[in-house]
Amino acid sequence: MTILGCDISVVNASVYPVPEIGKRCPDFKLDNLVNSRQKQISLKDFKGKWLIIDFWEAACAVCIKRFPEVNRLQQIFHNDLSVVMIGYNELHYNRGIKKLYLQLQDRMHLQLLAAFDSVLFRRWQVNSVPHIILVNPSGQVYAITNGLDMDSAKVRELLDGKNPKFMGITFKWDFDRKRPLLINNNGGPDTGYLYRSLLTHYMGEEFDGIPIDLSVYYEENKAGFQLIEVPLSKLYQFAYIGTWYYGLYQDSLFGKFSSNLELDIKDSSLFRPDVKRGENYFNYSLFVPPGKANPVYLMQVMQRELKNCFGYDAQLEGREVPYWRLVLRHDTLVSFRSKGSVKQDSSSPMEIRIKNGSVDELLLDIASFHQDKLPFIDETGINYKIDIQFNALLTDLSDVQLGLRKNGLELIKGKKWMKVIVIRDPAQK
């Protein structure tokens, strides 16, 4: 496969229409011919037959290797098929292409109609070779292909009235090296990537919520992973834990992983999102080849990309970290043992009310209002069903502590060995 160096952008496509699948092939006129009884040929000379217009250039090894196969197709189907080989004869790289073809013709025993023309390359925006226009007997373009899968079996299907598929042209877009690839169709459509990792500042996009767990998101989409409007801390949590919503109450990581990052850095401003100004929120989009798209690989890629973009050294470490301990007061005389068999949890933001429930449910009601705080761990030793009721503004942790204290419980700070994401400034070399 060869990408041509010509600048086709100087040609006005509205003046010179280009071939389009399903539409009539634009007319053409070619002279400078080999193996032709005519001095000039045009589209009308091939009416009633299938036509292969095969563009090639001197540096295209794939093109030249295909010559014997194209020649064989012409010989087998000569009653129903015509082939025109068009060599790119611009003067810079392809000077002498006609002489080259004649040498190849003798060596390969070719009997193909050939023309040498650079104007049609530009008018039809042929910027890569091999480039084949397949035209049906009525003059309509059936396919635009690189021809690598064109063989006698597919040609026979064409002649039998079937509709075989052909590989499309890989390179058919202008590319400006000064602009990012695939942005605004630069070098191809914006869906033409095999692997894409994109990190941006949040710019006010509307979206339908933040996925909680990378594995669940992957199972639902099988295509990659995307986040919109998340603080930097959540990006690191997804990259190193696989979720941002963990360790606060009875999930699989509870009591094992700290839900807060340890920031051993001089400037932590990027980790302080400003809701009013909308600053320090980010978007992240990652798509990888399907064979590699699994949660572990996605996390590994995210780790590398965060390092590449922000420069911090990050890793999971074991540390003594703070947490909230729920314990019995030493002087408590309160009995929590449930007096009924009907289970009820009718807690609200202003009240805890649990009947025939558990201490874990009590902590869940509290922790749900403090998801960005420390984990809440039961150390009461209570292993039976409980009844408990008290008024407290659950968003105010001091008010919750007061309500618990009146009911014979204490919510106090402790320290516990957990794994934590540690962020450091890069080591100086």
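Trainee: Is N356 buried or exposed?

Mentor: N356 is buried, at a relative accessible area of 14%. Buried means under 20% relative accessible area, exposed over 50%, and partly exposed in between, with a 1.4 Å probe and protein chains only. This is a predicted model, where local features need pLDDT of at least 70, side-chain atom pairs count only at pLDDT 80 or more, and totals for chains, interfaces and linings use all residues. Residues are numbered from 1 along each chain as its sequence is written, and side-chain values use heavy atoms, leaving out hydrogens and water.

Trainee: Which strand is N356 in?

Mentor: N356 lies in β17, residues 351-357. Strands (E, at least two residues) and helices (H or I, at least four) are DSSP runs, numbered from the N terminus.

Trainee: And what is N356 in contact with, leaving aside neighbours within four places in sequence?

Mentor: Its contacts (heavy atoms within 4.5 Å) include S338, G340, K385 and D387.

Trainee: New topic, helix α9. Which residues are buried there?

Mentor: In α9 (397-406), the buried ones are L397, V400, Q401, G403 and L404. They sit on the same side of α9, because they cover an arc of only 165° around the axis, taking the directions from the helix axis to the C-beta atoms.

Trainee: What do the buried residues of α9 pack against?

Mentor: Among them are α8 (359-367) and β20 (409-424).

Trainee: Now the open sheet of 6 strands. What is the order?

Mentor: The order is β3-β7-β6-β5-β9-β10, with mixed pairing. Two strands pair if DSSP finds at least two bridges between them.

Trainee: Which strands stand at the edges?

Mentor: β3 (33-34) and β10 (141-145); each has a single partner strand, so one side of each is left without a neighbour in the sheet.
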